[in-house]
Amino acid sequence: MLILGLVCFLTFFAGLGRGAIGDSDEAFYAEASREMVVSGDWLTPFYNYELRFQKPILYYWLVSIAYKAAGVGEAAARFPSALAGLGLVILTYLVGRRWLDAGTGFFAATVVATSFGYFSIGRLSLPDLPLAFFIAATTWGLIEGIGSPIASATTSVGRRRLWFAFSGLMMGLGLLAKGPVAVALPVAAAAAVWWKERRTTEGDDTASRVPGVVDLLLVGGLALIVAAPWFITMAQHHGLAYMHRFFIGENLERFATDRYNEPRPLWFYVPIVLGGLMPWSPFILLWLPTWRRVFRRERLVTRAEWRAIIWALVPFVFYSASIGKQPRYILPMLPPMALLLARSVIARLPEEAPSTAPRTTRQVALAWCGTLCAVLFLILGLLLHRARPLLFALTPSLALVCTGIITLAAVSVALAAWSRRRWALPVTMAVASIATLLSLQFSVQSAADLEPVQVMARQYASVYQGHEPSATYRVFVRNLVFYTTIKQTDLVQPDEVVEFLRRPERVLCVITKDDLARLAGEHALKTRTLAEVQYFNPAGVRLRTLLWPDPSRDLETVLLVTNQ
């Protein structure tokens, strides 16, 4: 556990405050929590000094508590998400130890701690990783509850109900973190496990049982005790409009319509899952010969493997069927995927002692998968090296150091892949993953001492006179308010920008140089530039950007202008 704690410190907490709050959903939670602390209203979230009904309250509370303890800042805003990453690692280890063995649990937990999906989301102020933890914990509790034998002994029944109580508490917290999906996914997974395990011979105590009335009341009752008070209080203060907006708009419509997200293809989550498990995803190829043996009836799928498969498939199928797909929705399926991956790798590791005997086919397959991982590391290093022109605040020496670290990681993994030492490849992969992820964190994610939005906020503070209206157009739309603490009007249409800049009183507007030039040419706008910064917008990254970076095309000049 101490080793896992050290790994999690490096992948989730080291440099957590580096990098400005992004101009994305992250800004909603960081700023709304800041406003909660300032206003003292711990019931209703506000963002940009306006009501925010989109999500429940738990993550705002967690970030606000972190602000109270450590002060408002990037690290405090992201701390609950990083803490959830640690929780998922520990949970994966405990599940693996209970269902399989301690070695597999430890390896699977290491995969979770060093995978790109959890590393990237764990360093953002978003509720998705806490939600993934609550869903995973609820799922585990329900599966253990229905899978525990019913014996006459009071202790066995009591232990079974402890699992249900645990799942009820986690379900309630999940409801407060994001909403009904915290109920739907665990219940669907547990029901599927029960259906798979329900058939058994008489007297077999290993089969899953249907939960009794007391069990269901325990789960549902505890979930309601945790979550219902806040929802009821919100309905009393804001009327049923809030309930309709949240449960219908933010859940049903987000799932079944394209109101919030553009429709994406059915296979959308396949590359997302592979990317989320990077750099471990090449080891998924090891499942192919295993399933071939299963289909030939040369191997049986164990009970633990079926549980992990069902656990992973339920969120994958659920979200693949939705219209409004988002990459981070799929996070709950990574822990069981890591368990299955760890089991496949460990089964193919060479014997403890070095041997001159020829490698088996299974060991050769493992070595080639490790080699493919090394190639992926090498590609990452090459892309980072090519992206240097866009990382305008990154010193050349740091860029070379980070590229060198990733290249060394690639070479080390390639050598370890063909080593006859039993744990050489897993250990080297873990170390290489940590080194690579931290190199990306301390270069791409946080290249500057002060990032463009922070520089713009300082320039803004120096010219703000304390009363003039302020607005943003297509840049720093969400995060500028966090750094200025001044309400910003989000201008969406070009006509809104023209109308805003033609107001009789003095106004401030943040806009890109290209957008301003186009609108000024079309509408004869007269403005005065007060400040400017260069900005690389991650939302605009395309494959072309990574392969052929061009600062003149990929970097934007952001202006702070006034109409007087």
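## Basis

In this predicted model, local features need pLDDT of at least 70 and side-chain atom pairs count only at pLDDT 80 or more, while totals for chains, interfaces and linings use all residues. Residues are numbered from 1 along each chain as its sequence is written, and side-chain values use heavy atoms, with hydrogens and water left out.

Helices (H or I, at least four residues) and strands (E, at least two) are DSSP runs numbered from the N terminus. Two strands pair if DSSP finds at least two bridges between them.

## The sheet

Strand 7 (residues 555-562) runs antiparallel to strand 6, and eight bridges join the two. Arg528 has Thr562 as its bridge partner, and Thr529 has Val561. Strand 5 is also antiparallel to strand 7, through five bridges, with Val510 opposite Leu560. Six of the eight residues of strand 7 are buried, so this strand is largely enclosed by the rest of the structure. Buried means under 20% relative accessible area, exposed over 50%, and partly exposed in between (1.4 Å probe, protein chains only).

## Helix 10

Helix 10 (residues 213-238) has 26 residues and reaches 35 Å from its first C-alpha to its last, close to the 38 Å expected at 1.5 Å a residue. The expected span is 1.5 Å times one less than the number of residues. A kink of about 45 degrees lies at Ala227, shortly before Pro229; the bend is the angle between axes fitted to the seven residues ending there and the seven starting there.

Ala227 is also one of the buried residues of helix 10, which include Asp215, Trp230 and Phe231. Gly239 follows the helix, with a positive phi near 80 degrees.

## Helices 4 and 14

The axes of helix 4 (residues 74-99) and helix 14 (residues 303-320) come within 10 Å and cross at roughly 145 degrees. At this pair, Leu91, Val95 and Trp99 of helix 4 meet Ala304, Arg307, Ala308 and Trp311 of helix 14.

Technical notes:
Axes are lines fitted to C-alpha atoms, for helices over the stretch in contact, and angles run from 0 to 180 degrees between N-to-C directions. Contact means heavy atoms within 4.5 Å.
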